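Subject: Structure for your review: pockets

Dear colleague,

Please find below the structure that I am handing over to you.

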Amino acid sequence: MQTTYINLQIMDRWTGKTAVVTGASAGIGAAICVALANAGMTVVGLARRAPLVDNLKSQLNGKGSLHSKQCDVSKLEDITAAFQWVEDTFGGTDVLVNNAGVFHQGQFTDLGDKMMSDEEIISTIDTNLKAVVFCTRRALASMKKRNFDGHIVNINSIAGHYIPFSSLFNLYPSTKHASCAFTASLLNELADFKNKIKVTSIAPGLVDTAMAEEAAKYFPTLRASDVADAVLYVVSTPPNVNINELSISPVSEKRL
Ligand code: NAP
């Protein structure tokens with residue numbers, strides 16, 4: 001079972017509340033689902049491979065619960081249906097973790113010899129950016145409807161803050177920079193409406209998951225559970241504190 005160094009007593013105000021985690025079937029999203037459920041939350045894990053989310057139940061300690069919902073977040077109709085299901089089943093979304101993401105290696109023009117397909121380009125934009133915007137809209141609508149001060153957590157990347165040197169990163173940093181800007185714009189919008197809803201962007205360095213399988217052979221990595229601990233930390237802050245931005249890297253990581 002995954003362990004955490006976060007004091008879970010400070011998570012008490014989230015006990016029984018509902019968290020939606022996108023990209024819950026593997027890697028960082030799977031670790032976040034387990035961490036939030038073991039902190040007492042009712043967690044809904046969205047993914048295309050929903051049965052993999054159900055497999056995570058063996059890691060739960062019985063405090064909270066985990067439920068899978070099949071959802072391709074690159075499809076707006078899937079997002080709308082999933083958030084409606086969460087409302088019908090659990091009453092609404094209290095915490096949203098926008099974690100789903102894709103990284104397709106290759107160049108986005110045909111100048112190089114490893115050109116991405118049009119489908120890979122669309123999938124990168126739709127999953128890493130469009131889905132973040134629309135899942136956030138649906139979650140905020142749910143919070144507004146119930147007058148609930150929830151929390152949106154966006155799993156970004158250090159590639160949302162600088163452009164890695166390899167041209168094979170293609171559009172990935174563009175989508176992560178846009179996600180970073182989206183978080184900042186959202187903070188402004190919520191502040192204008194004197195909202196107590198929180199928004200946080202978490203920017204991990206390299207994490208040992210399927211997405212970074214090749215790079216993990218050569219560079220230091222975080223564990224997915226380290227990023228899940230960062231999520232527990234930001235959501236457990238007192239109601240008057242918002243962590244806008246949190247970067248987390250393996251010790252001695254150099255810029256890629
Ligand atoms: P991963 O192991 O490849 O897992 C990706 C997750 O995203 C899977 O659960 C996958 O689920 C889901 N996903 C992808 N496309 C989806 C879609 N269209 N609809 C629904 N779910 C979708 O990757 P990871 O490393 O955990 O990455 C998670 C997040 O962390 C991403 O946003 C990534 O950019 C970010 N990140 C990763 C690293 C790293 O080094 N690994 C570093 C910084 C930031 P299904 O395939 O079942 O749908």
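The notes that follow concern the pockets of this structure. Please bear in mind that the model is predicted.

The largest pocket

The largest pocket holds about 1,300 Å³ of space. Its lining is made up of 50 residues, and those closest to the centre are Gly101, Phe103, Thr209, Met211 and Ala212. By class, the lining of the largest pocket comprises 28 nonpolar, 16 polar and six charged residues.

Four elements each contribute at least two residues to this lining: helix H1 (27–38), strand S2 (42–47), helix H4 (118–146) and helix H5 (172–192). The greatest contribution to the lining of the largest pocket is that of H1, with three residues.

The second largest pocket

For the second largest pocket, the volume is about 320 Å³. Here 14 residues form the lining, and Leu140, Lys144, Leu190, Asn195 and Ile197 are the ones nearest the centre. Two or more residues of the lining of the second largest pocket come from each of H4 and H5. H4 provides the largest share, five residues. The lining of the second largest pocket divides into eight nonpolar, two polar and four charged residues.

Yours sincerely,
A colleague

Notes
Residues numbered from 1 in each chain as written. Predicted model: local features only at pLDDT ≥ 70, side-chain atom pairs only at ≥ 80, totals over all residues. Heavy atoms only, no water. 1 Å grid on protein atoms, 1.4 Å probe; cavity = no way out; pocket = protein on both sides within 12 Å on 5 of 7 lines; lining within 4 Å. Points joined across faces, edges and corners; volume = space filled by probe spheres on them. Nonpolar A, V, L, I, M, F, W, Y, C, P; charged D, E, K, R; others polar.
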